[in-house]
Amino acid sequence: MIIHNQTISQLVSSDYSLSEIEKIIQLLEQQKTFDFSPLDNGLFSAAAIISNTEYTGYSNVWVRDNIYVAYAHYCCNKIDIALKTVQTLMQYFQTHRSRFLNIITGQVNKDEMMQRPHIRFKGETLEEIDQEWNHAQNDALGYFVWFYCKLVREKRLNTNIEQLETISLFVAYFHAIEYWQDEDSGHWEEDPKIEASSIGVVLAGLTEFKRLFQELPLTNDLKVNNTMINIEFVNNLIAKGKEELNKILPSECIQKKPKNRRYDSALLFLIYPLQVIKGDMSNKILEDVINNLQGDYGIRRYLKDSFWCKNYKEVPPEIRTTLSTDREQWFKENNRELQIGEEAQWCIFDPIISAIFGVKFQQTQEINYLQQQTYYLNRSLGQITSSDSPFGAFKCPELYYLKKEAYVPGDATPLLWTQANLRMALEMMKHSLSINNN
């Protein structure tokens, strides 16, 4: 196992005690590994940016990333931080309600990606960004509905009728775009296709919305334009999503080439934290990722992923962060054929796999699951940068990519999504060890 940071290498173990995990957390907090640096309004930029990495655009806010950062704080019982993030995201969506309504009423074409609700925006002002972007990302919207409704159901977040009407906009929107057969750009913001990972996240959101709707003392159904949002309506949406998801899994996409994709690590999120997929199918997806996408430095998003593939710095900065279609075109024009094995290896997945095995252990008390949880936690810790890294020590990279023949961190270091997942995985390990000690 590769451990980049020498200090961490002295603490890594195959058999932790609770005090040893707490010591690691304390060290990482002292080294500011978990420095999330929120904006004044509670939102988080995607990454800590310095002058020569401004081109990444990661100083902006992504809805999806913010939900994962908020969820990590929630797991660590830092509820106030999670609430502030979610409340400001609600404010953002209320400000841009017209994006939903225009599609629900048919005033704009849902296939025009810039007409969709924007999932990447200016965090300080909640303004949209005037740049072509693949905003058709149903998963990002589904994550927000899932976490918002979850917090309200748990009576951690107060809501009101105006906010509930805004959440209902999401539900009517999912119906309007027929999310179960909608081609969206998904977690990786790339060429649109019908993706299991996007359908699954929307399903998680709709399921939480249904639970909330059933528990709230509403005297009337919620109405969006001419659409009545009631239990029957939501049940129908859920049923259509489940039916399509079952057709696609364990693949990510079963459309014809080049859209089809057998393996994609985004499916892990449907197992944890969303728990949309369980049982044999979750085991199959876990096995698929480990056997086909896992590398020595991290885990690939999918095979032949061009983003931060080998020698990526040869790609012009303006192409590196633009639409995936432009990037693929640049590769073709420069005779750069993507090779399997040269993809970037990401750092956001190992903590999720550790958490998945943690849930299995906590449910069964089977020690082999605790061993797997520990192994993937150690892989996650091993990805933290060393003292000779150009980004400094104790940072969580977005990914490692091949620079000539050596794997090095990508420019979005530290990435807050990685920090969040690692912090969550450490907290999950604390829970497992508490059970094991008893």
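D111 counts as exposed because its relative accessibility is 57%, and the cut-off for that label is over 50%. Keep in mind that this is a predicted model. The salt-bridge partner of D111 is K110, with the closest N and O atoms 3.5 Å apart. K110 has a relative accessibility of 23%, so K110 counts as partly exposed.

That pair belongs to a bigger picture.

Now for a pair with a rather different setting. R64 bridges to D139, and both residues are buried. This one ties together distant parts of the chain: R64 sits in helix α3 (residues 63–75), while D139 sits in helix α6 (residues 138–153), 75 residues away.

Then there's K247 with E244, both in helix α9 (residues 231–248). The two are three residues apart, so about one helical turn separates them. E244 comes out at 18% relative accessibility, which means E244 counts as buried, the cut-off being under 20%.

| Pair | Closest N and O atoms |
|---|---|
| R64 and D139 | 2.6 Å |
| K110 and D111 | 3.5 Å |
| K247 and E244 | 3.8 Å |

Each pair makes the list because a Lys or Arg side-chain nitrogen lies within 4 Å of a carboxyl oxygen of Asp or Glu. How many salt bridges does that rule give for the model? The count comes to 25.

Notes
Residues numbered from 1 in each chain as written. Predicted model: local features only at pLDDT ≥ 70, side-chain atom pairs only at ≥ 80, totals over all residues. Heavy atoms only, no water. Helix = DSSP H or I, 4+ residues; strand = E, 2+ residues; numbered from the N terminus. Buried < 20%, exposed > 50% of the residue type's maximum accessible area, 1.4 Å probe, protein only.
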